[in-house]
Amino acid sequence: MKAIFFSVLLFLSTVVTAQEIQFYGEAKQGGIIIGIGKNITNVQLNGANIQFDKSGVFVFGFDRDARGISKLKVRFKNKKVETFEYTLEPREYEEQSLTIAKKYVTPPKRELKKIKRESQLMKAARAKVGKLKSAFFISGFTYPVDSVDIRSVFGSQRILNGRKANIHNGLDFSAEVGDSIRAISDGIVRIAGDNFYYNGNFILLDHGQGLTSVYLHMSKIIAKDNQKVKKGEVIGLAGSTGRATGPHLHLGVQWYKKRIDPMSLFTITLPSKDGI
Ligand SMILES: [Zn+2]
């Protein structure tokens, strides 16, 4: 069978209808694509199976530094196979210089035990991700704050105190201490972390099929471990706990370990549930 090739320079939220399948989102570095298909029996991304739920909903994402061609292969009950190709162009990322307290660049020895313990707790929480086949994210996406003012974009190369440091793997929203932080989509709380060294008070939400969001530096955690939350539900209050230069919300999104640009979610409009 001849494969069907798609040019992937799709416009934001463009809907592509290919017989029995619809796509939402954009193939770009840090982007995600949500597929809704009928009578799907298998979905593979670059040769590896990915999950889909009983409504035929699946998701996959492209890392900040993803390169080259990605191939999606979808099998249907009638044995038909459709192949889609996505060519990723490199994005340009910003460089951002910050001055932060020295203890957050090189943590003091007495804190190392705490940091190690916290990284183990995070690992354990992330180990549960991917077990949820249900596409909670089909609820769609909403901003996590009521008044949207982007303070720092996704993907920047950080220069901390004059030295090349980590990549900014999230999106920072301006916020006042006590502002409501909302779940960006339906999900389950995998960890409500209490005053972690770097993250401060934070919440990790599992939206199903490997898609997660994390909300850092809160003054107060409201949602509890294993709690199911709805899109737009208040899960905590903004603050500046952990490694933060003043009150703000750091929102991080991943598809498994791939670092996703949260902004690429907010431009996606999914059909209403009745429409599926
Ligand atoms: Zn941030």
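Colleague: Which residues touch the most other members of the largest nonpolar core?

Modeller: They are Ile32, Ile34, Val59, Ile203, Tyr215 and Leu249, in a core of 59 residues. Please note that this is a predicted model.

Colleague: From which domains does this core draw its residues?

Modeller: From both domain 1 (16–91) and domain 2 (95–266), with at least three residues from each. As general background, nonpolar side chains in soluble globular proteins tend to be buried together.

Colleague: Take Val59, then. Which residues does Val59 touch, leaving aside those up to four places away in sequence?

Modeller: Val59 touches Ile32, Ile34, Ala135, Phe137, Gln209, Leu211 and Trp255.

Colleague: Now the domains. How many Å separate the centres of domain 1 and domain 2?

Modeller: The centres, taken over C-alpha atoms, are 26 Å apart. In the contact, domain 1 supplies 15 residues and domain 2 supplies 17 residues.

Colleague: Which strand gives the most to the side of domain 1 that touches domain 2?

Modeller: Strand β6 (residues 57–61) does, with 5 residues. That side of domain 1 comprises 6 nonpolar, 5 polar and 4 charged residues.

Colleague: Let us turn to the sheets. What is the strand order in the open sheet of 4 strands?

Modeller: The order is β5-β4-β7-β8, with antiparallel pairing. The edge strands, β5 (48–49) and β8 (81–88), each pair on one side only.

Colleague: And how many bridges join β4 to β7?

Modeller: There are 5 bridges between strand β4 (residues 40–45) and strand β7 (residues 68–76), and the two run antiparallel. Within this sheet, Gln44 stands opposite Lys73 in β7.

Colleague: What is the order in the open sheet of 3 strands?

Modeller: That sheet is ordered β14-β20-β18, again with antiparallel pairing. β14 (180–182) and β18 are at the edges with a single partner strand each, so one side of each has no neighbour in the sheet.

Colleague: Which residue in β20 is the bridge partner of Ile181?

Modeller: The partner of Ile181 is Gly236. β14 and strand β20 (residues 234–237) pair over 3 bridges in the antiparallel sense.

Colleague: Changing topic to β15: how many of its residues are buried?

Modeller: Of the 10 residues of β15, 8 are buried, and the strand is mostly covered. β15 runs antiparallel to strand β16 (residues 200–206), to which 6 bridges join it. A hairpin of 3 residues joins β15 to β16, and Phe196 stands opposite Gly200 in β16.

Colleague: How many bridges join β15 to β19?

Modeller: 2 bridges join β15 to β19, and these strands also run antiparallel. Ile188 has Lys228 in β19 as its bridge partner.

Colleague: What is the phi of Asn195?

Modeller: The phi of Asn195 is near 50 degrees, a positive value in a residue other than glycine. Asn195 is found in strand β15 (residues 187–196). Asn195 has 14 C-beta neighbours inside 10 Å, so it counts as partly exposed. For context, most residues other than glycine have a negative phi.

Colleague: And Asn226: where is it placed?

Modeller: Asn226 is in the loop between β18 (220–221) and β19 (228–229). The phi of Asn226 is near 65 degrees, also positive. Asn226 is exposed because it has 12 other C-beta atoms within 10 Å.

Colleague: What about β11 and β12: how many residues lie between them in the hairpin?

Modeller: There are 2 residues between them, and Asn161 in the turn has a positive phi of about 50 degrees. The antiparallel pairing of strand β11 (residues 157–160) with β12 has 3 bridges, and Leu160 has Arg163 in β12 as its bridge partner.

Colleague: Why does β12 lie largely in the open?

Modeller: Because 0 of the 5 residues of strand β12 (residues 163–167) are buried.

Colleague: Lastly, helix α2. What span should its 16 residues have?

Modeller: At 1.5 Å a residue they should span 22 Å, which agrees with the 22 Å between the end C-alpha atoms of α2. The number of buried residues in α2 is 1 of 16, so α2 lies largely in the open.

Notes. Residues numbered from 1 in each chain as written. Predicted model: local features only at pLDDT ≥ 70, side-chain atom pairs only at ≥ 80, totals over all residues. Pairing = 2+ DSSP bridges. Core = buried A, V, L, I, M, F, W, Y, C linked by C-beta atoms within 7 Å. Buried ≥ 20, exposed ≤ 12 C-beta atoms within 10 Å, placed from the backbone. Domains from an automatic or database assignment. Contact = placed C-beta atoms within 7 Å. Nonpolar A, V, L, I, M, F, W, Y, C, P; charged D, E, K, R; others polar. Expected span 1.5 Å × (residues − 1).
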